[in-house]
Each structure stands twice: as C-alpha cells, then as structure tokens.
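User: Can you walk me through this model and tell me what lies behind each label you use?

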Amino acid sequence: SPANFQVRFSLKNVTERPITVCNYVGNQPIEVKWIGPDGMMVRSKHYNWLKAARIAALGGKDFVVVQPGGVGFMGEIKFHSPTEKVTNFDNVAEVGKNKVLVSFANNENGKQFGLENVWTGTVTANELTFSVK
C-alpha cells in the first residue's frame, strides 16, 4: 500500500518428495538483512513482539509438511513509512531506496516428536528493493 510494504516469505518444495519444516516462531527462523537508503544496516523489529508475548513451547504442530511443488508460508515482515503511526514493534523505512535480504533457518530435526526427514539448513531469497517516497 502507499503507507507500508510487506515481505511474505514462502518456501517452495522443488523435490519429488514431501518435506517437513519447522516454522516455530519462538526460534525466530526468519532473518532480515536490511540496508537503508544511507547504505547502513538497519535492525529489523519483526520479532520484537515476542518480548511481550506468551507463546507455547515448541511442539509437533510446529512442523509443517510441504508437498512436492507446493509452497509453505513461513512468515512476513512489514515495513512502514516514516509518516505512519507506529509502535516500537514496527519497522520504519526511511525515505529512499531500501534493500532487504531475507533468509529462513531451521535447526530443529523433530526427533523429540518422533519425526523423521525434517529439513534443516538455511535458504535465502533473492534480494529485493523498495522505495519510500
């Protein structure tokens, strides 16, 4: 929208077999490398809300299966313009060109829940840019 920009991160299964992935938000699996218009790194606040939240412990429900050719939605990062009313949990993008590189990391193998063949590792999306006017 004119006031904000949202990055939705999804994983596509490009294999011929279903894959299981842990998307437990408490592990903070989405990493954001954000460079502002001044060329300096900006810390994303996309997980700041966890400081004020009570979330359940990691469980079997936090492991999702993505079928071959399927896509699993893993999370989103919102960026607001400097003119918008925001909270301390919000990313405010300065006027100009912003660069964002998003990655997803999973180290949970699911063995404590009797799961097998859980994907672990890190995957990084292509860099994207957006401009704030």
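Predicted model: local features only at pLDDT ≥ 70, side-chain atom pairs only at ≥ 80, totals over all residues.

User: What makes glutamate 31 and lysine 33 a salt bridge?

Analyst: The rule asks for a side-chain nitrogen of Lys or Arg within 4 Å of a carboxyl oxygen of Asp or Glu. For glutamate 31 and lysine 33 the N to O distance is 4.0 Å, so the pair is called a salt bridge under that rule.

User: How many salt bridges does that rule give, and which other pairs form one?

Analyst: The count comes to three. Aspartate 62 pairs with lysine 61, their closest N and O atoms being 3.5 Å apart. Glutamate 76 pairs with lysine 78, with 3.8 Å between the closest N and O atoms.

User: Why is aspartate 62 called buried?

Analyst: Buried means under 20% relative accessible area, exposed means over 50%, and partly exposed is in between (1.4 Å probe, protein chains only). Aspartate 62 has 11% relative accessibility, so it counts as buried. Its partner lysine 61 has 59%, so lysine 61 is exposed. Across the protein chain, buried residues make up 33% of the 133 residues.

User: And what are the labels for glutamate 31, lysine 33, glutamate 76 and lysine 78?

Analyst: Glutamate 31 has 43%, so it is partly exposed. Lysine 33 has 41% and gets the partly exposed label too. Glutamate 76 is partly exposed with 34%, and lysine 78 is partly exposed with 42%.

User: What makes Trp49, Ile55 and Phe89 a nonpolar patch?

Analyst: Patches take residues with over 30% relative accessible area and no salt bridge; nonpolar side chains (Val, Leu, Ile, Met, Phe, Trp, Tyr) are joined within 5 Å, and like charges within 9 Å. Tryptophan 49 has 37% relative accessibility, so it counts as partly exposed. Together, Trp49, Ile55 and Phe89 have about 270 Å² of accessible area, by the Shrake-Rupley method with a 1.4 Å probe, where only the protein chains shown count as cover for residues. Tryptophan 49 sits in the loop between β4 (41-42) and β5 (63-66).

User: How do you know where a pocket is, and what is the volume of the largest pocket?

Analyst: Rolling a probe the size of a water molecule over the atoms shows where empty space is left. On a 1 Å grid over the protein atoms alone, a pocket is an open set of points with protein on both sides within 12 Å along at least five of seven lines, while a cavity is a set where a 1.4 Å probe fits but cannot get out; lining residues have an atom within 4 Å of a point. The largest pocket holds about 270 Å³ of space. Of its 17 lining residues, the closest to the centre are His46, Tyr47, Trp49, Glu76 and Ile77. Strand β6 (residues 71-80) gives the largest share of the lining, six residues.

User: What does the lining of the second largest pocket look like?

Analyst: That pocket has about 180 Å³ of space, and its lining residues include Gln28, His46 and Tyr47. The lining divides into five nonpolar, four polar and two charged residues.

User: What stands out about the phi of glutamine 28?

Analyst: Phi of glutamine 28 is near 50°, a positive value in a residue other than glycine. Glutamine 28 is in the loop between β2 (19-22) and β3 (30-35).

Technical notes:
Residues numbered from 1 in each chain as written. Heavy atoms only, no water. Helix = DSSP H or I, 4+ residues; strand = E, 2+ residues; numbered from the N terminus. Points joined across faces, edges and corners; volume = space filled by probe spheres on them. Nonpolar A, V, L, I, M, F, W, Y, C, P; charged D, E, K, R; others polar.
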